[in-house]
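Open the structure in a viewer and keep the selection tool at hand. The stops below go from one selection to the next.

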Amino acid sequence: MRYSALSLLGNAFSKNKNWKPAWRNPDPKPHYDVIIIGGGGHGLATAYYLSKVFGVRNVAVLEKGYLGSGNIGRNTTIIRSNYLLEGNNPFYEFSMKLWEGLEQDFNFNAMVSQRGVINLFHSDAQRDAYTRRGNAMRLHGVDAELLDRDQLREKLPFLDYENARFPIMGGLMQARGGTVRHDAVAWGFARGADQNGVDIIQNCEVTGIDRDGNQITGVQTTRGAITCNKLAMAVAGSSSHVAKMVDMRLPIESHALQAFVSEGLKPFIDTVVTFGAGHFYVSQSDKGGLVFGGDIEGYNSYAQRGNLACVEHVAEAGMAMIPALSRVRILRSWGGIMDMSMDGSPIMDRTHLGNLYFNGGWCYGGFKATPASGYCFAHLLATDTPHETATAFRMDRFARGYLLDEKGVGAQANLH
Amino acid sequence: MSSLVKCPHCGLRPREEFTIRGEVAAPRPSAGADEATWFDHVYLRDNPRGEHREYWHHAGGCRRWLVLSRNTLTHETSDVVDASTLKTEGAR
């Protein structure tokens, strides 16, 4: 059923008793053309575009838990395409364009809110770097605007402009950036893929991968063996763990990243703001809670929780930027596991095994990439060639020396 | 992560005194090793879910480098030794 004002009205008159589940809950079939491991945002988006754009409909998405239980439901919901590098910018801008039409495309309210993303700068050198990034964005046709201190004061009067150590001199704004309701993205893609015939199989953990020489023949799961023509991994966070099933070692470490939400406040921050002198980013949800986060914990982890040291660090960075946060009480915090690649950029490529495809290494920037990642991965799966915006995300770029070090940080700051 | 970690020199100490450096990898290859060996050493990781041998620095205590096992799922630590006791097999 298509959602519309009419369907809402009709169901209201029938006392909302006739709503159907948004997707089926099928048992796995013995064989699929494509199996996607991982029912997170990227896996579901891949299935959606594979079935919608590329006409591949005999597809299963295998999810270990329930939909939205992984990083798609654990991030700070920020979307942006303010990237500097040639290999990155067109991809993230493609993603931004998909975000802009997404709700109409999959007929689901994902609450896409282009409220703007502002990166603060605190020194002359940082202003130069941001100017360069802004210019690179504009050369790629992406909107970017350099705000000086006075312009910024009008928009965000509550920042600590006179901070003794990190005075705020201005910011780089991408007005088209913003936030999206993260779990609605998972639901929307799941519903859309399901309507195209994709089987979304929850509570189905892949426990082994079957091969015949260099060809994958299928997977072993907690719900039985399933065979496939092509196998796609979209399990960022657990990539090394799954890759180990086919004896692959990856240029990836798994790290925990925390996010926080405060008690509900009256409208306070109407954009996304990031601290330039530390790692801190904040926005305000429609419910009023401040949603914010900081840096990864700094040690390998598969535990979906963080430590107090990082809570303190995030709170300090937040306080340095917005002193008014000192009175705000934190309501909840949670952790997700990031695939930290060695250059800080994702990997989307074929592997040494003929019909195994890899999508991972999204570091802590996977959410904004969700639609483009799905589209480009579907393109790769369907055509065996990378999408034109995703040609830089090759698996072998580390060995060839073509690193994509947008920020100059990978899993650890000393890698560059 | 447990808030107390047993240092072989200082005894039970708060976790905040330690800095985690990362996995105990194979020794650095020789300068003349081929590119594949260097690629493997510099970029690839085992990144296990479970027991992980790693270097810790007791920065807020004895300032010794330690080697210990930590479970990356539960964060339980065990087998703490001073890094100098680690047998190095020499460059490949």
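A residue counts as buried when its relative accessible area is under 20%, and as exposed when that area is over 50%. The model is predicted.

Start with Thr77(A), in the loop between β2 and β3 of chain A. Its relative accessible area is 13%, so Thr77(A) is buried. Check the backbone as well: Thr77(A) is not a glycine, yet its phi is positive, about 65°. Most residues other than glycine have a negative phi.

Next, select Cys363(A), in the loop between β18 (356-360) and α9 of chain A. This residue is also not a glycine and has a positive phi, of about 50°. Cys363(A) counts as buried because its relative accessibility is 9%.

Move to Glu86(A), in the loop between β3 (78-79) and α3 of chain A. Is Glu86(A) buried or exposed? Its relative accessibility is 62%, so Glu86(A) counts as exposed.

Centre on Phe189(A) and display its neighbours. Leaving aside residues up to four places away in sequence, Phe189(A) touches Leu44(A), Ala45(A), Tyr48(A), Tyr49(A), Leu102(A), Phe106(A), Thr370(A) and Pro371(A).

Then show the aromatic rings. There are 26 aromatic pairs in the structure over all chains. One of them is Phe121(A) with Tyr130(A), an edge-to-face pair with 5.9 Å centre to centre and 90° between the planes. Both of these residues are buried. Elsewhere, ring pairs join a cluster whose members include Tyr3(A), Trp19(A), Tyr48(A), Tyr49(A), Phe106(A), Phe189(A) and Tyr375(A).

Finish at Trp19(A), in the loop between α1 (5-13) and β1 of chain A. With a relative accessible area of 32%, Trp19(A) is partly exposed. Select Met1(A) and Leu8(A) along with Trp19(A): together they make a nonpolar surface patch of about 320 Å².

Terms used
Residues numbered from 1 in each chain as written. Chains lettered and ligands numbered in written order. Predicted model: local features only at pLDDT ≥ 70, side-chain atom pairs only at ≥ 80, totals over all residues. Heavy atoms only, no water. Contact = heavy atoms within 4.5 Å. Patch = residues over 30% accessible without salt bridge, like charges linked within 9 Å, V, L, I, M, F, W, Y side chains within 5 Å. Areas by Shrake-Rupley, 256 points an atom, 1.4 Å probe, with all protein chains shown as cover. Salt bridge = Lys/Arg side-chain N within 4 Å of Asp/Glu carboxyl O. Helix = DSSP H or I, 4+ residues; strand = E, 2+ residues; numbered from the N terminus. Buried < 20%, exposed > 50% of the residue type's maximum accessible area, 1.4 Å probe, protein only. Phe/Tyr/Trp six-rings, centres within 6.5 Å; stacked < 30°, edge-to-face > 60°.
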